[in-house]
Amino acid sequence: MEKKKLFIEGKWVDTGKYIDVKNPYDNAIISQIAMADAEWTDKGIDYAYKNRSIMASLTAKERGDILNKVSLLIKENLDELAITIARESGKALRFAKGEVLRSSETFQFAADEARRLSGELVPLDAAATGKNRFGYYKRYPLGVVGAITPFNFPLNLVSHKVAPAIAAGNCIVLKPASTTPLTAVKLVEILLEAGLPKEGITLLVGSGSSVGNRMVESDKIAMISFTGSPEVGLEIKRKAGMKKVTLELGNNSAVIIHKDADIASALPKCVVGGFANSGQVCISIQRIYVHNDIYDAFTSQFVEAVKNTSYGSQLDENVVVGPMIEEKEAIRVEEWINEAVNNGAKIACGGKRNGALLEPTVLLDTNETMKVVYEEIFGPVVCIMKYETLEEAIEKANNSKYGLQAGIFTKDIKSAFTAIDKLEVGGVMVNDMPTFRVDQMPYGGVKLSGTGREGPKFAVEEMTEIKTVVFNLE
């Protein structure tokens, strides 16, 4: 078995200590990767900081060309990348292929942002004291960006941090999830093949306590971009000091099926939105609020559709729901299901577990006091609940510590705009699942869902500083 190396100080490094990378479906070891410690982390950060001017000196054309080349190479390596994603994350192969294609687009969008990164004239003479002054501002790279990424999108969520950092002219210190590092290794190989200076990327794999904390606390890293759990995100905020921090921390996404909704259109979207990647998506549908008038019709059809959703080995082309990332996570979700049932919920379908594989599960008669409703379940479970009025549905949807994305299905424009204005989230999807995302849109949430926005244009803004220039023309 080939052991994968880290990329530190401009070269591939074998640290002599390794982490097993396993297939969640059968727990088989598929590879090993070198593990960084605090000392190796310091070396990587120091090297990036010392060479940050190399990335900053790249022209807009050079950065754009590199990012375009990466986009093309990702497409050329579609099958290898998709199989790697599926094997190490448990993501069904059909969705892994979709992730690869999205990642290619993410780099394309970042290439566009690299070429248009600029500033703006400031009309100083609009102020009483601004006569005979000429001013503008320009965006400059921060220097070193630290990226800490999760397991559930081991390519595209990495791309959403790495690509904008390059577009802005920063060096990147990347720490992917220890359960899914192989995709990141392949991406670093692609970045180097595309012409990224070796000083521009550092790849570290290791524990949060030794690698992650070192990155967060280092005064040589100017920004941390983190996607993961709220608990870790809050700890990062406490430890980061004055550096910039963007956090994408999760959700328990709600979708409202109003009385005039097109059920035939809503059903397949809600099934995919609830069970793609075994529900391990920050914007996965967890709560469905259905108007009383159509509750029975929608629920019966939804349950039947979920019963017919295939699950099993993620490498089977026909499978929709693969295993969760680890058996302990499937056990946790199973415990939450049982807790809900003990408190009055009913299992309409699913609920059984075999190792890390959990059946797609629909729960009825749930309420806001149950973990399956008020916490982020991050598993293949959807709760369906009734409501009487749109105002009640919006109130229930807002009764959450999270606020990433939500959805509403309705044919009434007034109802749509009422939901848009009153839902306390970062994004509202009308007649679509809250799981919808394209990679150039601003993406992020409110409340405990995080701070800042992703999407190449918005991430580049986060990853740069504004410098104001004023000429006295007197």
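Colleague: Which hand does the β-α-β unit made by strand 20, helix 15 and strand 21 have?
Modeller: Helices (H or I, at least four residues) and strands (E, at least two) are DSSP runs, numbered from the N terminus. A crossover is right-handed if, with the strands pointing away from the viewer, the path from the first strand over the helix to the second runs clockwise. The unit of strand 20, helix 15 (residues 413-422) and strand 21 is right-handed.

Colleague: What is left out of the side-chain values?
Modeller: This is a predicted model, where local features need pLDDT of at least 70, side-chain atom pairs count only at pLDDT 80 or more, and totals for chains, interfaces and linings use all residues. Residues are numbered from 1 along each chain as its sequence is written, and side-chain values use heavy atoms, leaving out hydrogens and water.

Colleague: In which sense do strand 20 and strand 21 pair, parallel or antiparallel?
Modeller: Two strands pair if DSSP finds at least two bridges between them. Strand 20 (residues 405-409) and strand 21 have four bridges, and A406 stands opposite V428. The sense is parallel.

Colleague: Are the rings of F298 and F302 stacked or edge-to-face?
Modeller: Rings of Phe, Tyr and Trp (its six-membered ring) pair if their centres lie within 6.5 Å; planes under 30 degrees apart count as stacked, over 60 as edge-to-face and the rest as tilted. F298 and F302 are four residues apart in helix 11 (residues 295-307), so about one helical turn separates them. Their ring centres are 5.7 Å apart with planes at 15°, so the pair is stacked.

Colleague: How far is the charged end of R332 from the ring centre of W336?
Modeller: A charge sits over a ring if NZ of Lys or CZ of Arg is within 6 Å of the ring centre and within 35 degrees of the ring normal. The charged end of R332 sits over the ring of W336, and its distance from the centre is 4.7 Å.

Colleague: How many residues does the largest nonpolar core have?
Modeller: A nonpolar core is a set of buried Ala, Val, Leu, Ile, Met, Phe, Trp, Tyr and Cys residues joined through side-chain atoms within 4.5 Å. L67, V70, I74, F107 and L191 have the most contacts inside the largest core. Its number of residues is 75.

Terms used: Buried < 20%, exposed > 50% of the residue type's maximum accessible area, 1.4 Å probe, protein only.
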